[in-house]
Amino acid sequence: MTESTLVQTSAWRALVAHYQANRAIHLRDLFAQDAMRGKQLTAQAAGLYLDYSKQRVTAETLRLLAQLARERGLRAKIDAMFRGDKINATENRAVLHIALRAPRAEKIFVDGVNVVAQVHAVLDKMAAFAERVRDGEWTGYTGKRIRNVLNIGIGGSDLGPVMAYEALKYYSARDLTFRFISNVDGADFIEATRDLAADETLFIISSKTFTTLETMTNARTARAWFLARARDENAIAKHFVAVSTNTDAVRQFGIDPAHMFEFWDWVGGRYSMDSAIGLSTMLAIGPENFRALLAGFHALDEHFRTAPFEQNLPVLMGLLGVWNNNFLDAQTVAVLPYAQYLKRFPAYLQQLTMESNGKHVTLAGESISTYQTGPIYWGEPGTNGQHSFYQLIHQGTKLIPCDFIGFANPLDSLGDHHDILMSNIFAQAEALAFGKTIAQVEAEGVPAWLAPHRAFMGNRPSSVILADKLTPTTLGALIALYEHSVFTQGALWDIDSFDQWGVELGKVLAKKIIPELESVAAPALRHDSSTNALIQRYRQMRGRADTDSDE
C-alpha cells in the first residue's frame, strides 16, 4: 500500500470536496439546524460517555469518515491485531497489549504459544509478591518491612507507572512511599533517595533488555547507594527486583531470577503499563484493584473489536482526529482532564500518541508528502490550564481541538469544589464552540474599539469524555480508548504505529559523545563544527583538557 492509496480513495476525495463545500459553516449554525445534535452525536461504552457534538462535523462528514475507514481496511486491521498477526512490520512482531488484559480463559496464540496463559502466570506471580510486600511478610536485610518502593525505568517503563500511581493514588496503600526515577540527570536519583532508609527500600529495575543506558545507569547508582549502607552484596536480593526478559543480566546484577517478572517482545513499551511494568502499580493499589484496572482495559478492547464504527468510541475519536488533522489543519490536540489525580495523563499520552504516529513513511517505506500524520498532544489538568494557555485556545490564530475529561462523582468530596470544577468543563466547551460575536459584546455596552479584543470567534472543536467516577476500571477503559484511537489513525495513514526508530539516532550519537566528554586526554573530534565547539566548551567549563578538533 503506497502513500497515494490514501489520497486516491473515493472517500478521501469525497471528504476533500465535502470540506471545501462546508468549511464556512459555524458550530452555531450546526446546532441551530439540529435541536437534537447534542444528544445524537454521542456514544458510550465501558463506562465512558463521549459527546462529540461540538466537533466541526455533520452527519455527512461522519458517514464519509466511516467509509474511509472501511476503504482503508480498518476492520481487517483490527482483527489482525487481536488475532496476533505480526502487524509491527518493521520489527516483525505481533502487537498484543490486548492480551495483557484478556481473561484467563481466553486463548491468543503467537508462534503456536497461548500467550494469555503466560500473562496470567506472571500476574499471579506479581500478585503473590505484592501481597507479601503489602502485608509486611517481605522484609529487608535487617528484618524491617518495606516502606519505600522506587521504580527505575524510562519511557513506557516510567510514564505508565507514574501516571497510574498518581491517577489511582486514592486507592493506594498510604503506609508505603512510591517514587519514580527515570532521568539520567543525577538530581532525579538524589532527590528520590535523599530521605530514605536503605533497609526499608525496595528498588524495581524495569528494563526489557536490562541494557537501556539511562535505566541501567540509575540502577547501578541505586546498587552503589544501597551497598554503601548495607555493606553486604547478599542483601541485594532482598531489596532489588527486576522487570525484564534478560535473565543472565539480571543475575549478574545480583537480583535473584526468581524475583524477575517477565514480559514479552509483543508488548511495546508505551503499551506496557498493564504488564509486569505495572508491578509498582499493583504494589500501590493491590492485586484486586489491579485486576479491576485490567477489566476496564478489556471492556473497551471488546467494544473496539466488535462495535460498528458509527458507535465505536475509539474509532470515532480516531476518525475525528484524522478530520481535524488532515482537513481542518489542526496540528495539536489539547487533553484537559478536570481531575487532579490525572495530572500526569497528558504526559503519558504524549508518548502513546507521538511515539506511535510520529512517522514520515508508509508501511511500504515510501515518503509521506501529501498528508500529515500524528499531531502534537499536550495538556494540563483543569482548572489550572484556564489560567495559563486557554487564552490561545480561545482567541489565538491556531486551531486546537480539545478533549475534556471529567467525572460526575468525585473521590474526595469537599464542599462545592466538584460542582465548580465540572461547571468549567461544560462552560469551556460551550465557549469554544459558540464564542461571542462583536455584536454581542457591543450589546453589553462595550465600546466599539474594545469589542474586537473581547470577542470570541468560537467554532473551535472539542469533545467531552464523561464517566461516573475515577476508579481503576474507568482508568483502564480511558487508556484503552486512546490506545485504540491511535491505532485507528495509524491504520488510515498506513504507518507502523508500533515501532519507534525515531528514538534511536540521538541515543547512538550520545554513546559516541560520552567518551569524548569524559576523556582525560583531548579527543579528536569529528562532528560538525557546532557539535565540536559545544563539546570543547563543555570540557573547558568542566576543567578538562583542551580538545583538538578535526573537522
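Q: How do the residues of the lining of the largest pocket divide into nonpolar, polar and charged?
A: This is a predicted model: local features need pLDDT of at least 70, side-chain atom pairs need 80 or more, and totals for chains, interfaces and linings use all residues. Numbering runs from 1 along each chain as its sequence is written, and side-chain values use heavy atoms, without hydrogens or water. Ala, Val, Leu, Ile, Met, Phe, Trp, Tyr, Cys and Pro count as nonpolar, Asp, Glu, Lys and Arg as charged, and the others, Gly among them, as polar. The lining has 14 nonpolar, 16 polar and eleven charged residues.

Q: Which core residues have the most contacts inside the largest nonpolar core?
A: A nonpolar core joins buried Ala, Val, Leu, Ile, Met, Phe, Trp, Tyr and Cys residues through side-chain atoms within 4.5 Å. The largest one has 123 residues. Those with the most contacts inside it are Trp266, Leu283, Leu342, Phe345 and Tyr482.

Q: Is Asp199 buried or exposed?
A: Buried means under 20% relative accessible area, exposed over 50%, partly exposed in between (1.4 Å probe, protein chains only). Asp199 has 12% relative accessibility, so Asp199 counts as buried.

Q: With which side chain does the side chain of Asp199 make a polar contact?
A: A polar contact is a pair of N or O atoms within 3.5 Å; within protein, one must be able to donate a hydrogen and the other to accept it, and residues adjacent in sequence count only if both atoms are side-chain atoms. For the side chain of Asp199, the distance is 3.0 Å, and the partner is the side chain of Thr142.
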